[in-house]
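User: Hi! Could you walk me through this one?
Analyst: Happy to, here it comes.

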Amino acid sequence: MAADMRLPTIRKPVSLSVSTSDRKDLVVPGDVITSDTGFMRGHGTYVDEDKLTASVAGEVQRVDKLICVRPLKTRFNGEVGDVVVGRITEVQQKRWKVETNSRLDSVLLLSSVNLPGGELRRRSAEDELTMREYLQEGDLISAEVQSVFSDGALSLHTRSLKYGKLGQGVLVQLSPSLIKRQKTHFHNLPCGASIILGNNGFVWLYPTPEQQEEEAGGFYTSLEPVSLSDREVISRLRNCLLALAAHKVLLYDTSVLYCYESSLQHQLLSFC
């Protein structure tokens with residue numbers, strides 16, 4: 001099997017002058033960011049022969065005298081308040097393990113979910129025995145990051161009625177770096193579908209519900225058949241997300257909607 005080989009070359013230093021402090025440079029591992037010893041080393045960098053060098057491929061970010069490199073492709077590093085879409089992987093004692101595209105499985109405590117009917121009381125042993133009636137392995141949920149443990153694992157909660165178990169829809173897994181941070185990540189698009197843009201790169205597409213079942217406490221999922229028109233809209237939105245992600249375009253409600261409107265001139269392929 002033939003293999004392409006490249007001889008080592010001298011890396012050109014990336015300039016970080018004061019006049020271009022707002023400029024964002026892209027680097028690859030081994031690129032010299034600066035030879036000025038007055039800067040502090042941040043994440044994604046190391047010092048080699050008194051030169052600050054990039055250890056990952058990404059975007060150079062400078063805060064005062066601190067220089068770090070934000071990777072273009074990485075696992076999700078959650079922060080408090082982030083909206084995530086995840087999948088239940090394990091039911092444990094008084095907690096669920098959730099896959100959220102981070103380095104470690106996230107944790108959803110029994111005390112951090114709404115009880116059916118929105119009842120406010122202490123969780124009992126009976127609630128612990130019926131945990132699988134709420135959520136079981138394979139279920140998809142939307143949640144919010146409540147706190148971050150010392151080892152980097154995330155603690156989630158679904159106390160708001162907008163969070164909870166997800167029903168019928170399509171999950172699209174993308175890079176977390178493509179999700180734009182906004183005040184809200186839940187959007188009802190005018191095309192008849194809704195979207196949840198998880199900060200962890202998991203995007204959920206589903207038909208816009210006519211009414212919200214508040215009495216279910218976030219555990220109700222409609223199993224009614226989805227109409228053909230709704231399925232076509234969701235399929236088109238999924239293709240739009242993949243096209244935008246392939247061209248490294250930030251994903252938020254406006255960019256997705258513009259892409260959807262531009263795609264209306266093309267027909268969807270139907271498969272038997």
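**Strands and helices**

Analyst: Let's start with S14 and strand S17 (residues 202-207), which pair in the antiparallel sense over 4 bridges. Strands are DSSP E runs of at least two residues and helices H or I runs of at least four, numbered from the N terminus; two strands pair if DSSP finds at least two bridges between them. This is a predicted model, where local features need pLDDT of at least 70, side-chain atom pairs count only at pLDDT 80 or more, and totals for chains, interfaces and linings use all residues. Residues are numbered from 1 along each chain as its sequence is written, and side-chain values use heavy atoms, leaving out hydrogens and water.

User: Switching to helices: at what angle do H3 and H4 pack?
Analyst: Helix H3 (residues 228-246) and helix H4 (residues 253-263) pack at about 115°, their axes 9 Å apart. Axes are lines fitted to C-alpha atoms, for helices over the stretch in contact, and angles run from 0 to 180 degrees between N-to-C directions. That makes H3 roughly perpendicular to H4 (65 to 115 degrees).

User: Which residues of H3 meet H4?
Analyst: Val233, Arg236, Leu237, Cys240, Leu241 and Leu244, with contact meaning heavy atoms within 4.5 Å.

Key:
Parallel < 35°, antiparallel > 145°, perpendicular 65-115°, else oblique.
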